[in-house]
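Subject: The structure for you to look at

Hello,

Here is the structure I promised to pass on to you. Have a look at it first, and then read on for what turned up.

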Amino acid sequence: MILLMTGCAAMLGAPPDDDPTAVYDAMWSLVDERYVLFPEKAVDWDRVGEQGRAQLSAETSDEDLFTVMAESLDALEDGHVNLDAGFDISRHWDFFLDEPVGIDDEVIERDYLQDKQQIVGPFWLASLGEDDALTYLRLPSLSERIQGADLSVLLDDLDDADGAILDLRGNGGGSLDNATAIASIFADQTRPTHSYIYKEGPGHLMRSAPDVVQTDPAERTFTRPLVVLTDARSYSAATALSGMLRPMPHVTLLGQTTGGGAGIAQYHELPNGWWIRIPTAAVADGDGALLEDGLAPDFEVDFDRVRAVEDGVDTILEAAITLLEEG
């Protein structure tokens with residue numbers, strides 16, 4: 001009887017899987033062991049954990065638990081880190097709100113495209129410059145799947161172009177498969193363009209050497225001058241695409257430093273059924289330099305908001321047109 005009572009007491013004393021502290025610790029441990037970008041982050045994760053646990057008890061509500069966990073994750077300042085509790089999703093959003101806008105799509109449509117653009121999948125396609133000799137490709141997002149037929153239409157138009165502009169400003173990212181497909185149609189030859197770095201163990205510094213990836217030319221390509229426009233809101237896969245294109249000799253990056261965000265995230269389920277998304281791998285350039293903090297352009301040009309609103313002039317786009325027309 002004594003043994004039975006002792007066993008029951010031990011069982012009763014063990015915290016259930018959905019105990020707030022147990023859920024928090026599961027989240028904290030997943031990040032501690034699998035998050036790939038700790039070396040780039042100025043965060044004391046042990047201290048974050050101590051502060052989070054101190055706010056919890058067995059009576060902590062789900063809403064309060066979510067708040068504590070979200071605040072802990074926000075210390076990483078990573079837009080690829082999210083907690084999904086079903087009733088809410090956490091996100092670090094200051095990085096977006098604090099960055100300057102480098103494009104006004106209304107100005108692009110009204111003053112440059114003048115409603116003459118062709119919509120091809122996620123692209124806006126139009127002719128610009130003197131004698132319409134330049135092809136303008138606006139790509140607001142890399143989330144929508146890009147089909148081979150979309151790229152074929154683009155290449156048909158590019159056949160007659162003296163140069164092209166790929167506008168990635170305000171592109172929040174999306175699929176790396178889309179990025180590599182686009183890079184291939186601008187590739188002049190097979191060359192190393194980017195790499196991946198993977199988390200390989202529980203220690204914060206335990207990650208792989210850069211796994212270098214080569215981009216091969218597609219069956220049809222465009223290798224005349226290409227200017228890629230970027231700004232501080234060109235994130236994630238848009239930063240990666242900029243990095244893939246940069247090594248190509250006919251490509252010039254122009255505008256502002258991209259927003260970065262190099263993490264490749266995975267979802268993990270927590271004991272109470274919530275989900276956490278954390279980067280377990282990251283994108284780097286062909287030399288292994290991580291793109292987390294963004295990619296600087298070859299030519300830095302500021303976006304003049306006043307001229308855009310008052311005069312309908314996009315200073316970054318105008319600089320690209322001038323560069324292509326004057327060489």
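Let's begin with the aromatic side chains: Trp28, Tyr35, Phe38 and Trp45 come together as one aromatic cluster. Please keep in mind as you read that this is a predicted model.

The count of aromatic pairs comes to seven. Where do the two partners sit in the chain? Phenylalanine 87 is in the loop between β1 (82-84) and α5 (94-97), while tryptophan 274 is in the loop between β10 (263-269) and β11 (275-285), so the pair ties together parts that are 187 residues apart in sequence. Is tryptophan 274 buried or exposed? Tryptophan 274 has a relative accessible area of 6%, so it counts as buried, the cut-off being under 20%. Phenylalanine 87, with 42% relative accessibility, counts as partly exposed.

Next come the charged side chains. Side chains of opposite charge can pair when their charged atoms come close. How many salt bridges does the structure hold? There are 15 salt bridges.

Arginine 110 is partly exposed at 41% relative accessibility, and aspartate 111 is partly exposed with a relative accessible area of 29%.

Another salt bridge joins arginine 246 and aspartate 298, whose closest N and O atoms are 3.2 Å apart. This pair links distant parts of the chain, 52 residues apart: arginine 246 is in the loop between α9 (237-245) and β9 (251-255), and aspartate 298 is in the loop between β11 and β12 (299-300). Arginine 246 is partly exposed, with a relative accessible area of 28%, and aspartate 298 counts as partly exposed at 36% relative accessibility. There is a network to trace as well: Asp105, Arg138, Asp167, Arg169 and Asp314 are joined by salt bridges that share partners.

Now turn to the surface. Which residues gather in a patch of negative charge there? They are Glu130, Asp131, Asp132, Asp162, Glu325 and Glu326.

Most residues other than glycine have a negative phi. Aspartate 131, although not a glycine, has a positive phi of about 60°, and aspartate 132, also not a glycine, has a positive phi of about 55°. Aspartate 131 is found in the loop between β3 (123-128) and β4 (134-138), and aspartate 132 has its place in the loop between β3 and β4 too. With 72% relative accessibility, aspartate 131 counts as exposed, because the cut-off is over 50%.

Happy exploring, and write back with any questions!

Best wishes

Technical notes:
Residues numbered from 1 in each chain as written. Predicted model: local features only at pLDDT ≥ 70, side-chain atom pairs only at ≥ 80, totals over all residues. Heavy atoms only, no water. Patch = residues over 30% accessible without salt bridge, like charges linked within 9 Å, V, L, I, M, F, W, Y side chains within 5 Å. Areas by Shrake-Rupley, 256 points an atom, 1.4 Å probe, with all protein chains shown as cover. Salt bridge = Lys/Arg side-chain N within 4 Å of Asp/Glu carboxyl O. Lys, Arg positive; Asp, Glu negative; His and termini not counted. Charge placed at Lys NZ, Arg CZ, Asp CG, Glu CD. Helix = DSSP H or I, 4+ residues; strand = E, 2+ residues; numbered from the N terminus. Buried < 20%, exposed > 50% of the residue type's maximum accessible area, 1.4 Å probe, protein only. Phe/Tyr/Trp six-rings, centres within 6.5 Å; stacked < 30°, edge-to-face > 60°.
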